[in-house]
Amino acid sequence: MKAGVIGAGAWGTALAQTLSADGQDVRLWALEPEVVEAINRDRVNPLYLPGVTLNPSVRASGDMADIADRDMLLIVSPAQHLRGVAGSAPAGVPLILCSKGIEAGTGLLMSEVAQQAQGASPIAVLSGPTFAHEVAKGLPTAITLACADADLAARIAARIARPAFRPYISDDVVGAEIGGAVKNVLAIACGVADGAGLGLNARASLISRGFAEMTRFGLARGARAETLAGLSGLGDLVLTCSSTNSRNFSLGKGLGEGRPAAELLANRRTVAEGAFTAPVLREAARSAGVDMPVVEAVCALLEDASPLAQVIDALLTRPLRPE
Ligand SMILES: NC(=O)c1ccc[n+]([C@@H]2O[C@H](COP(=O)([O-])OP(=O)(O)OC[C@H]3O[C@@H](n4cnc5c(N)ncnc54)[C@H](O)[C@@H]3O)[C@@H](O)[C@H]2O)c1
Ligand SMILES: O=P(O)(O)OC[C@H](O)CO
């Protein structure tokens with residue numbers, strides 16, 4: 001399968017690098033003309049993945065017509081831009097969605113957005129614990145590839161697998177998407193705990209109780225528990241909640257240090273998806289009757305609705321209950 005990658009941020013660039021590791025040509029669509037130029041001229045993406053020399057068979061373009069001959073397309077835009085980007089992609093080829101989030105305004109998962117934007121294209125989801133700079137360096141990584149069509153999943157998996165990049169196949173598309181979207185919000189919470197100096201016990205409790213929230217929400221939306229406990233759920237939650245390499249964790253750390261959300265979110269070049277997913281996740285959870293107190297707390301901090309001490313206190317003084 002000839003691969004095209006749409007979106008040349010850190011993750012799209014790392015995926016293009018991985019897919020071209022065996023010399024196969026990969027086309028990478030980039031929004032910014034300076035990224036197209038730098039990749040084709042200098043073999044580097046200085047805005048989003050500096051320090052990685054890209055394989056010669058990665059060719060960048062700003063024109064969707066240049067990926068019209070591809071027979072699979074990885075969509076790697078920020079979640080809030082997926083509708084527009086998928087809608088302008090060539091039609092009829094499998095779309096592999098790599099963005100993690102829930103669409104603001106509609107509450108739709110990425111597969112539902114892509115379905116609306118490109119009804120005729122088969123859809124798969126690629127999600128898991130994957131820091132882009134590690135994947136680009138060829139460090140060992142495992143990831144979930146979810147697709148309702150088992151034959152298509154097997155063909156995509158065979159095309160994207162590398163000795164150190166190992167896809168595990170699932171047919172639970174919704175489960176894979178919910179894990180990736182919810183973990184970003186929980187990573188903000190763990191960053192807050194770090195920034196506020198709450199200690200490692202607090203972080204472990206947030207991961208564990210956050211996973212309970214992810215599971216409740218996922219089950220209410222039809223996800224399977226084993227998917228949520230797999231790479232795209234718990235695996236990615238543990239990764240993102242443990243490192244300042246995560247943009248979401250770093251955003252939370254800033255909040256925990258007492259910096260205002262507006263300042264932390266202003267003029268960002270890179271995306272911290274949890275900030276966009278948090279309010280729409282809160283609304284979806286409330287309307288499904290799912291209790292998500294950690295998500296509620298993250299929203300309160302992002303909205304500057306309550307002081308940090310009060311938000312922490314509200315979590316700690318909830319009624320005692322069975323685990
Ligand atoms: N970086 C990672 O390690 C990683 C790993 C797995 C999944 N993801 C997911 O991949 C998605 C993309 O993240 P990233 O890290 O590659 O991005 P990034 O933060 O490195 O770069 C931002 C991206 O947003 C794009 N962008 C900005 N404005 C846009 C617009 N108006 N329309 C379309 N695109 C626009 C930029 O061109 C760029 O590609 C996110 O959903 C993220 O959660 C990231
Ligand atoms: O930097 P983050 O927080 O967007 O996390 C990147 C990836 O999603 C980790 O799997």
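A residue counts as near a molecule when its C-beta atom, placed from the backbone, lies within 6 Å of that molecule. With that in hand, let us tour this predicted model.

Figure 1. Which residues come nearest to ligand 1? They are Gly9, Ala10, Trp11, Ala132 and Thr270, out of 25 residues around the ligand. Helix H1, which covers residues 10-19, supplies the largest share of this shell, with 3 residues. Sorted by class, the shell around ligand 1 holds 13 nonpolar, 9 polar and 3 charged residues.

**Figure 2. Ligand 1 and the two domains.** Why is ligand 1 said to lie between domain 1 and domain 2? Because domain 1 (3-171) and domain 2 (180-316) both contribute residues to the shell around ligand 1, the ligand lies between them.

Figure 3. An unreviewed UniProt entry places the feature "domain: Glycerol-3-phosphate dehydrogenase NAD-dependent N-terminal" at residues 3-152. How much of this stretch is helix, and how much is strand? Over residues 3-152, the chain is 28% helix and 21% strand. The C-alpha atoms at the ends of this stretch are 14 Å apart.

**Figure 4. Stepping back to the protein chain.** To place the close-ups in context, here is the fold that holds them. The secondary structure of the protein chain comprises 15 helices and 8 strands, and its C-alpha trace spans about 60 × 40 × 35 Å along the principal axes. For 323 residues, a compact globule would have a radius of gyration near 20 Å, and the 19 Å of the protein chain agrees with that. Buried residues account for 50% of the 323 residues. Among contacts in the protein chain with a separation of 6 or more, 67% join residues 24 or more positions apart.

Definitions and conventions: Residues are numbered from 1 along each chain as its sequence is written. Chains are lettered from A and ligands numbered from 1 in the order in which they are written. This is a predicted model: local features need pLDDT of at least 70, side-chain atom pairs count only at pLDDT 80 or more; totals for chains, interfaces and linings use all residues. Helices (H or I, at least four residues) and strands (E, at least two) are DSSP runs, numbered from the N terminus. Ala, Val, Leu, Ile, Met, Phe, Trp, Tyr, Cys and Pro count as nonpolar, Asp, Glu, Lys and Arg as charged, and the others, Gly among them, as polar. Domain bounds come from an automatic or database domain assignment. UniProt positions are given in the numbering used here, feature names are shortened, and annotations may be inferred rather than shown by experiment. The radius of gyration is taken over C-alpha atoms; the globule rule is 2.2 Å times the number of residues to the power 0.38. A residue is buried if 20 or more other C-beta atoms lie within 10 Å of its own, exposed if 12 or fewer, and partly exposed in between; C-beta atoms are placed from the backbone. Two residues are in contact if their C-beta atoms, placed from the backbone, lie within 7 Å.
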